Structures are given as C-alpha cells and as structure tokens.
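Subject: Structure handover

Hello,

Here is the structure I said I would pass on.

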Amino acid sequence: MKSYVLSAAVAAILAGTFLSCGKKSNEIIIGGVAPVTGEAATFGASTKNAFDLAIEEWNGKGGIDGKKLKLAFADDKGDPAEGATVFTKLIQQDKAVAILGPVMSKVALAGAPIAQAASIPMMASTATNPKVTLVGDYIFRACFIDPFQGTVGAKFALEDLKTKKAACIFDVGNDYTKGLSEFFKAKYTALGGEVVAFEGHATGTTDFKAQLTKIIAAKPEILYVSDYYNDAALIAKQARELGFKGPMVGGDGWDSPKLTEIGGAAIEGSFFTNHYAADDTRPIVQEFVKKYKTKFGAEPDALAVLAYDGAYLMFDAIKRAGKLDGPSIKAALTATDMAVVSGQVKFDSDRNPVKSAVIVEVKNGKFVYRATVNP
Amino acid sequence: MSALLSIQGMSHYFGGLKAVSDFTFDVPEGVIYGLIGPNGSGKTTTFNLISGLYTPTTGKIFFQGKEITGHRPFRIVQGGIARTFQNLRIFGNLSVIDNIRVARHYTVKSGLFTSLLRLPSFLQEEADVREDAMQLIRMFHLEDRAHDQAKNLPYGALRRLEIARALATKPKLVLLDEPAAGMNPKETDDLMGLIRRVRDEFKVTVFLIEHHMKLVMNVCERVKVIDFGETIAEGDPKVVGKDPKVLEAYLGKRGAEC
Amino acid sequence: MAELFSLQQIVNGLQLGSIYALIALGYTMVYGIVRLINFAHGDFYMIGAYAAYAAFFLFNAYIAPGNVLVFIVLIVAMLVGAAVAMLSNKFAYKPLRYKPKLSSLVTAIGVSMFIEYFFSAFPPIGPSPRGFPEVLPKVMWTMGSAQVSNYVVIDLVVAAALMTGLTLLVQKSPLGRAMRAVSQDKDAAKLMGINVEGIISFTFLIGGAFAGAAGLLAGLTYPRIMPYMGILPGLKAFIAAVLGGIGNIPGAMLGAYIMGIAETTANAYNSLLGEGIAFVILILVLLVRPTGILGEKTADKI
Amino acid sequence: MGTIKLPRLLIAALIFYVVVTILSLDQVHILNGYFMVIINRSLIFVILAASLNLINGITGQFSLGHMGFAAVGAYVSGTITTLVLKLPAPQPGFWITGPIFIFMIAIVIGGIAAGLVGFLIGFPSLRLKGDYLAIMTLGFGEIIRTILNNIDYVGGPRGLLGIPKFSTFTTITLFTFLIIVLLRNLVQSSHGRAMLSIRENELASELCGIDTTRYKVMGFVIGAFCAGVAGGLLAHLLQLAHPTQYGFLPSALVLIMVYAGGMGSMTGSIFAAFSLTFLTEGLRVAFDNIPSFRIGTMDVRIGTEWVMVIYAILLILIMLFRTEGIMGMREAKLLIIEEKKKK
C-alpha cells in the first residue's frame, strides 16, 4: 500500500510541475531542439550554444516588437521518440511560436508532422534528408540537402583538383554521411571519373585502417570522406599513416575546430564544401565568429553556424510577420531574402535554402576560402 | 510380480571416474525397494540415470517393458517415473498448491489459446486440477499452508511437499532420494507410515535411497547394497542386513548395532 | 582478394587486438572471480584515456614528449583506471555480492550509464570529442608492403609486457595463488584464511589498471577521446574474452587478437560484415562452444 | 466467474480510458498534447516492460535485446501499412472504413514476425543460462539492428519513413489492455505456472514433467510477439522507424523498468513503465528551470543533460537498496484472477 501512496504523491508532484506553466505575455517563446545527451551530444552542444547566442543578440537589440525572446530548449537525445515527445512539449506545454532544430534528420522526421499539424513553423538546422521539408509547408531548413554538397564536392574533385580516380569512405549508420558519399559517387562517375573504392564503416568505431588499407590498395587520387569532423580527422590521420598522399575532400560536417585539433598535420591540404569560410571578410561572419568565441571559448562549427542562421531567419520572419501566429510566420519565412553568416538565403518551393557553397581549404590549421560554387 | 523397472548392464563414467559399474537389477511392481550404500557409492547417480538427467555410458533401462534409455527427463516423468531430491528442490516463490499444480501440468489438455481466452473447458479443467491438488495437500497435512509461499514452510513440511509433488505427476514408480535426510526420529517414524500409505493408496512402486538404516530395514521389502559402483548384496532386508559382507564393507560395526 | 590478408592488414589487426586484449583481461579476471559481467569496464577504459589526456598536459610542462612522458602518462592512466574500478566495486558491486547474480549485471549497466552520462554532462569534460596529443613523436617505417609506426610497436610492447607481468603474477606469486583459489571456490578460500574481499578488490584494481593502460594506447593510436568511446570496444573486448574462454587469462589474450584480426579482415571485405562480425563471432562461439577456445567445461552439479 | 459481472481489469481500463479522454478534450484541456504523448509512450513501455518481464521475470530467462523484437514489429507492420495504405491521419468515421483494420492486422503480423524471430533466437539460446544468455540476446539484438541498417529497401540508416499515423491513444490503449489481459491470463494458467516453475528451479521443473525447452521458447516467442506489437505501435505513432531506436541502450531502459518494478511482477512493470516515463519528463521540466551561471569565461548550465545522470543513480540506488524492485514479486489485486474456492 505504501507504494500506492508514494506513487500518488509522485504523480501529484509531477502533475503540479507540468501544469505550472505560466506564460508571460511580454515574452516570445521559441522552441529549441537538439541532442545534448547520447552519442550525438557533441553536435547538440554547439547547436544549443548558437541558439543561446542568437537569442541573446536579438534581446540585446530589444527583442521583437518590444517583446523579449525566450528559448525553451529540449533534449531529443538523438532519438525519434524523444523528438516527438519534445516537439509536443514545446508546442503544447511551452506554447512555442516556432521551433529551431533539430540536428538529425530522423528526429526532424518524427517532429515535423507534429509541428505541421499544429501549424508551428520549424527551422531544422542540419537535417539534410530531402524528405524532412516535404512533410509540409511549415517545415524549413537552414542547411543544404545531401545531393547538393555531394555534387559540389564531385565537381570540385574532378575539375579543380583534376583527378580521375576517387575513393569514398562513410559511416554506414549515419544517413547524412552515407547520402553524401552516394551523391558524390553518382556525380563523380557521371562526369567521367571513376570511384575505385566505396567503403563504409560502423558507427562509433575508431579503427578505419582495414577500410583505408583496402582503399589505398585501389590507388585513388583523392579520398572523399563524408564523415563528421570527429571521424574525418581520425580517418585522415590513419590514411596518412598508411601512406595515402593525395588530397582529401569532405562536406560541411568537417567544419569544426576539432578537425584540426584531432587531425593535426594529417588533415593539412584537404578541402571541404561549406556554407561559409571563417576568413570571409563580411562583417556578419567576423562578428559571429568573434562573439561565439568570446561567449563559449571555442570556435564555431558548421552546426553552430547553421543553428545561428536558422535562428536569425526565423526571428527575422517573426519580426516581418508582425504577428505570432503560425500562418503569418510561415508566410514571412517563405518570402525570406536575407543575408546571414552562410550567405544570402532564399527558400525554394520545397523550403530548402537556395544559397551558394564555398570550398574551404585546410591550411596551417586554419580554414581558408578557396572558391565559391553557386547552385 | 513382474519387473516394473529393469536395469541391464548400466554403467556411467564421469571422465575417467567410474560412478556406476555394470548394474543389472529389477524393481518389481508394487514393492518398496531400497538402495543403500555409503557416500559416493553411486546411489544418486543411479537415480539421475533412471530419471534421465544423465545418459548411461553403457547399458539399458527399461520401464514397463519399454526402453527409456536416453529419453529426456520430462518424458520419463510423463512415462510414470517421478522423483524427489536429496537437497530439496522446491519452487520456493510459488504457493504450496501451485507447486503441486505444476506437477499436474503435463496432464492438462487445455491448449495455450483455450487458456489465454479462459474458455469454459479451461476453467473446468483448472477447477479439477485444483481439487486434485487439494486432495493431495490434505493427505500430506499441508492444507493449512496451501496458499503460502513454499519457501516459508518448515523443513519437514517441505519434504512432504516434495513427495506430494512427485505423486502429482501420477507416477507408477516414485524415486525417493534420502527422504528422511534431516528429519528427527518422530518425523522419520511418520515418514515410514507415509511411505507405506503412499504405496498402498496410490498403487505406486517406491524406490528409495537412504542412509537411515532403521527406515530401510522397516520399510523396504527388498534392498540392494552397493559400494564403489558395484553390487554387494541384494534381497530381503532382514537377510541382507545380516550378510557379513555387507556388515563389513558398508555398515561396519556401527551398522551392526542398529 | 589479396588485400584481405596483406601484411598491412595483419599489422592493423594486431594493433587493434592489443587494445582489446588489455580490456578483455579485466573482463575475464573479474568474471573469473565474481562471475559478473562488468558492463562498466569499457568506461574504465574511457576514464583511462581521459586521465592520460589530463596527465599529458600536467607533465608536458616539465617533460618533453617522448618515451619517458609516455611512461609517466601510462602510470597515471593505470592508477586512475584502478581507482575507479575499485570504487565501483566497493560502492556498487560489493553490497550485491550475495544477491541474485543478474541484479549485479543490471547494476553494472547502471554504473556504466552513470559514468558515461556524467562525463558527458560534467562541464569540464563535456560531450565533445578531444584530440589526443602526440605524447611522443611519431616515426614511420616501411616494412615490406606495410607501413608501421612506432605507435604500433608501443601498443604491442605495452600489451605484451603487461600481459606477461599478469601471467607471472597469477601463476607464480602467492597473491596469484590466492586469486586462483578464490575463483575456484570462494567459501573454501575463505576457510583457508584468504581475504576474499581483498582479493576481489585487487582483481578490480588490476582490471581497471589494464583498462586504463588500454585507454592510453587507444588515445595514442586513435587520437580522439570522447565520453562514449568505451561502449563499443568494451563490448568487443568482452566478446573476445568469451571467445577465448571467459575467466581464462591466456584465452582472453588469444580471443582479443583473433577478434582484432577478424574485425580487420571483415571490415576490409565488407562493411556490413565488419559491423556485425563481433556479434556473429559471439553467437557462433556461444552456440558451438560456450566455454570458449581455452575455457574448461565445468560440470553442473545436480 | 460465470456471472455476467464485468471483470475488474476491464472496468479499470475503461475508467482510465474515459477519464484520460475527457481530461484531454479541447474543452476541458487539463491534459494537453504533451501529456497525451507521455501517456502514449508510457503505455507502449508498459507493453515492452510487461513482455520483457514474461521472459526475464516469469520464465527466468534473460534478454538484453528486447528492442530487437520491437524493431522487427515496427519494420514489418510499418512496411505493410505504407505499402497497403498511403493514407493521411485518421478521419472521422475511420473506425468502420477499413484502414484501421488493416492497421490492426499489420500490427498483429508485425508481432507474429517478431515472435518468429523470437523463436529463431530463443531456440538456440536455450542451452545458455544467466549472463551468457544475456550476452547472446544482446548480440542478436545488435545483429537485427545492423541488418536493418543495411537494407536499403527499408531505408537503411535513413530509417523507414512515411508510416501512416494510426497509433492514437485509443488504439494504443486497446492493444495495451489486450496484451496485459493476455499476459495475465497466461501467467495465471497452467502454462504460466509451468513457466514460473522454470524460473524457480529448472531441474525440478523438468522432473515435474514440464518440457522446459518448449516453455522457455514459448516465453521468448510470446514476449517477442508483444514487443513486436509495441514496436509497431511506436512506429505508427512516430510515423517512422529508425535502427538506432532499437539498440542496446533502449533495451537497457526497458530492462531497468522491469527490474525497478520488480522481477516477476507485472504490476511492477506497469507501475515502473509509467513512473519512469513520467519521472524522466518531470526531471526535464525541473531541469529546464535551473538558471545558468558563469565560471570564469565559461557558461555553465545545469541542464537536461543531467537527467540521465540522475536516472542512472536512481537505478543503482534501487538495485542496492531494494534489489527485488519496488513491487518485489507481488501483484496488484486488479491483476490477480480470483479463484473460486470450494468449501
């Protein structure tokens, strides 16, 4: 019987917690979703930092129409079921007017139908699966979709680097890296190159030597590494150790100071497709990098940039809409034409951003602008 | 009397160690048969072989004229040989009645779906099984504790419960592995009466292993004495008990005083 | 498929196997003594890597990267690994020693989750990966068709030295004799005057120290450390221990090297196979020979 | 029994359903959508925990790969419904128009497929005991996940997408209720007692004439079937199934529910599934309200990343101080079928 009493008490306390949601009318609640626990936590951490920074900046400028922005953040643990829960929480419980995030496509795909059904606009920061925004007209994203970057990377490898033989390595358990490699391979082959090795590796592994030994035996001129920075840096190190001399090319998942921290000399002279170059002289870029560094003591990565841009695009739309209802914000978002860190952004009919990509080179441990590629 | 259980040339080795060597004997139907011998003489191994826990290295076991060598234990039980254990093996967290009902399970005809849907035929059968189980429980004087968890029962009651459970499988032959182990003289006396009653009322043959000489000499109608896996003597307990070979090899001087 | 069994792949496999071996030894020793699959063992390895990382920055101010620094960092990693293992034993496993075995297993899962999530949430550590510093300058040699670095040599030498030391300890010393006695029969060992809990604690100490050493080697070889890095190698090392015969020390080493080479070969063949090979090995072993390659069959007493 | 009186469990389920439904009506709006999501997830966890309890707690086996079965159910039923019906969310009058029956059948087929996998896994695993069995099932769970990750037809690492949203509070409650009744009837039948006796003492069970192999496999198959149903419901709730949802960690979370609730107690499993799901969400809300502070130049947040730390500590504490779980082996009266007593 004791346990019943206890459970009733716990239930009552919980209910009290849940129900005590006071909504102040001089605040605009913005939902934020990212994984801060679990194996994707490293991506979630910088995403959340960017949300915080963007909100702080807008509030510093007086908020929107005199109302302060408030971030209601929720951890999705990189799990779709959690994603569905927190989307509902942010919309129903916290009364968020818009949602920023999430990071991963699988979570976005679980959350998007909920946002769509509630007519709450959502700005996925780095969910690259093309199906995410196809869920409905309230779903936007701030990043490229997989086909675009793979294509840009392939063209760059063929035309700029003048290679004919490439090899790919990717994470078989991650849709982003697998998709990127697949699109790279398709474009590279279509344009007359040859992909001599196409090797996957398991999620969470640290030893890529078996695949790399096989790849090197096939004698590629370049290695396309579609992994995120943490794996890409290790792959670069091990590839060099095994005697690979050619350049390596990657996607925006490389954009993190951790790439050079882990990769060191091995990653020098490699290239990746990205949204912006940190040495871009545009003030918006320089200011963002500086503020981020001051606030969080680290350089921003691609996830932070996209999350920051996503937040700016959303806040700008809310401001232009002048109202806080979903349809107005959605309409304003559709009409976006705004300069953010990753360039001038408009949305196409599938609510994907239309923006140019840049090729960044790793030189002396820094990311240096090399070329711009328009879509 | 025909042989209910017939063992022919049965041997069993653990690695190189000989546990049972070339046993050949018959247990006639309807008797109380005793197997005695010092520790390590192969008594429990013999039971384990008969009940199918071990497969004999050589030799054959027949029950009611059919060979059962190498059959799985539950098949042998279903064929009519039940047993108890020297160190109790009770389903401690189940109630006394459930312990008995588990042993009745293989006779239950209700299939899984009938049971899941609790159809009338299932309910009827459950009621029958319960009634059966209660009868056994009463016979073994456990009715006060029928719905208690078995692990809370005193030791003597657990011994009785184990015998009752063995009988619930509706056996023709019951193997009792040291039924008096750990019992006081009073309990042992009661047990002797109980074993006889079991044989008479359930029409079963009883095959028991025991250290307790008084019990064996009083209850058993036929005994077999083994040592180091070999048979020393067999026959009427009163005769065997006076066999000098037995007295010397197994019972020693202490045994003669009993 | 020549590249499947090239010299390079064998070197790769041995290097991976050395790290698995050090983790597997801890698993197997703890299992041998207390019959507990210590799910948190992979996390001791992770802690060892972080300890080595911290030690590098602590001592690098005074000592230049090189063999001496490697040695110091190794000692720190082993000490920290040992301390964490002993603490887990004292606070989480010891109180459950005489409770049902599977409740210890569930507790071990809890300890593992706690360590991982704590490291990930604790701000000075955090979830982000860190680049592991070059504790000694890397030198590359070309041997026939294979590229070999001095890191490969260090991995192999450290693993071999520790394993030899352990074998000597267990086989020759009185302490080792006591450990073997406890693993055979705790109650009898107690009657013989052996401090059973002390021996168990010592076993955790050795296991944790080895996991810590493996953490340093992993940091050197695969220079990226993160809070969840212990899960997969922990699981694979455990499988290696099962493969060799759990509770059997030479078995764990053998299993680990087989595992390392099998994984490398499978990865070179096909990533699907590479991803699942460890579990395929596990299931095959358990079905065909649950006692492992070197394990002995123990008869159930009825 | 025998009278027309409604079983108490049915009454309880109906009360639960009606109360929650009324409280969640837009006009009443005491339980908002967030609550409904938590309740739906709790109910799915109830199925998962209760069915794992059948394997681990009742039959005395040990599975660490329970979510692998859920994955099979999710993918099979999800594939069926996406192929057969390319339909939007439930419309009014939905109940009689057909698709819902296809959904129900798909869920059951998903459960049966999971049951088959349970058979394939259970059968060879039975030679193993205790922690060997645990590791074996963990291995099988991981293999299922790896295979799903590599089948492009079901999306590979992208997951199975575009599953119609059929799981609602009503359908989930219905399935949960049916499975609880099924498990309760099983455990309190002769077959269930046979399973329990294996947990208590496998050798004695065999020597009571129980075909222990058969009942161990049966435990695995029925447990897997239920997990498959839960997986199917989850997939149709989230509208996707993804390999990472069914790895070791989610399986461990279900295991924790079973142990925290009490091994062998279905009441415990149900109670733990609800309370741990609600607790996690409660902690989330609580941690949201802790302000951040600065140490030096770093922003320090005590945020939701600490929820799992607390969760882990709680698990360890339960195991240390109440090893038998909250309920022990006891059952609530509601889940005990009263036996008619003669005399």
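What follows is a summary of the interfaces, one chain, and some individual residues.

Please bear in mind that this is a predicted model.

Interface of chain A and chain D

Chain A contributes 45 residues to this contact and chain D contributes 41 residues. About 3700 Å² is buried between the two chains, with carbon and sulfur atoms giving 60% of that area. There are four salt bridges across the interface. One of them pairs the side chain of D:R41 with that of A:E82, at 3.2 Å from N to O. Nine residue pairs are in polar contact between chain A and chain D, both residues being at pLDDT 80 or more.

On the side of chain A that touches chain D, two or more residues come from each of α1 (2-19), α2 (41-60), β2 (68-75), α3 (80-93), α4 (105-117), α7 (175-190) and α11 (283-296) of chain A. Of these, α3(A) gives the most, with 10 residues. Sorted by class, that side of chain A has 17 nonpolar, 14 polar and 14 charged residues.

A:Q93 belongs to helix α3 of chain A. Its side chain makes a polar contact with the side chain of D:N32, at 2.8 Å. A:Q93 counts as buried, with 6% relative accessibility.

Interface of chain C and chain D

Here 41 residues of chain C are in contact with 40 residues of chain D. The buried area is about 3700 Å², and carbon and sulfur atoms give 81% of it. On the chain C side, C:V106, C:M113 and C:Y117 lose the most area to chain D, together accounting for 15% of what that side buries.

The count of salt bridges between chain C and chain D is zero. Two residue pairs are in polar contact, again with both residues at pLDDT 80 or more. The helices α3 (67-93), α4 (101-121), α9 (231-244) and α11 (271-288) of chain C each supply at least two residues of the side that touches chain D. The largest share, 14 residues, is from α4(C). By class, this side of chain C divides into 33 nonpolar, four polar and four charged residues.

Chain B

Chain B has 10 helices and 10 strands. Its radius of gyration is 19 Å, close to the 18 Å from the globule rule for 258 residues, so chain B is as compact as a globular protein of that length. Along the principal axes, the C-alpha atoms of chain B fill a box of roughly 65 × 40 × 35 Å. Of the 258 residues in chain B, 57% are buried. Taking contacts in chain B between residues at least 6 apart in sequence, 67% join residues at least 24 apart.

Helix α1 (residues 43-50) of chain B has seven of its eight residues buried, so the helix is largely enclosed by the rest of the structure. The buried residues in α1(B) are B:K43, B:T45, B:T46, B:F47, B:N48, B:L49 and B:I50. After α1(B) comes B:G52, with a positive phi near 90 degrees.

A buried strand residue in chain A

A:A166 is in strand β6 (residues 165-171) of chain A. A:A166 is buried, since its relative accessible area is 0%. Leaving out residues up to four places away in sequence, A:A166 touches A:F184, A:Y188, A:E194, A:V195, A:V196, A:A197, A:P220 and A:I222. A:P220 is 54 residues from A:A166 along the chain, yet their C-alpha atoms are separated by 4.9 Å.

Backbone points to check

Most residues other than glycine have a negative phi, and most peptide bonds are trans. The following residues are listed with that in mind.

- A:G101 and A:P102 are joined by a cis peptide bond, with omega about 0 degrees. A:P102 is in the loop between β3 (98-100) and α4 of chain A.
- A:N364 is not a glycine and has a positive phi, near 50 degrees. A:N364 sits in the loop between β14 (357-363) and β15 (366-373) of chain A, and is exposed at 68% relative accessible area.
- B:H141, also not a glycine, has a positive phi of about 55 degrees. B:H141 is placed in the loop between α5 (120-139) and α6 (155-168) of chain B, and counts as exposed at 55% relative accessibility.

Regards

How values were computed. Residues are numbered from 1 along each chain as its sequence is written. Chains are lettered from A and ligands numbered from 1 in the order in which they are written. This is a predicted model: local features need pLDDT of at least 70, side-chain atom pairs count only at pLDDT 80 or more; totals for chains, interfaces and linings use all residues. Side-chain values use heavy atoms; hydrogens and water are left out. Contact means heavy atoms within 4.5 Å. Buried area is the accessible area (1.4 Å probe) that two parts lose on being put together, summed over both. A polar contact is a pair of N or O atoms within 3.5 Å; within protein, one must be able to donate a hydrogen and the other to accept it, and residues adjacent in sequence count only if both atoms are side-chain atoms. Helices (H or I, at least four residues) and strands (E, at least two) are DSSP runs, numbered from the N terminus. Ala, Val, Leu, Ile, Met, Phe, Trp, Tyr, Cys and Pro count as nonpolar, Asp, Glu, Lys and Arg as charged, and the others, Gly among them, as polar. The radius of gyration is taken over C-alpha atoms; the globule rule is 2.2 Å times the number of residues to the power 0.38. Buried means under 20% relative accessible area, exposed over 50%, partly exposed in between (1.4 Å probe, protein chains only).
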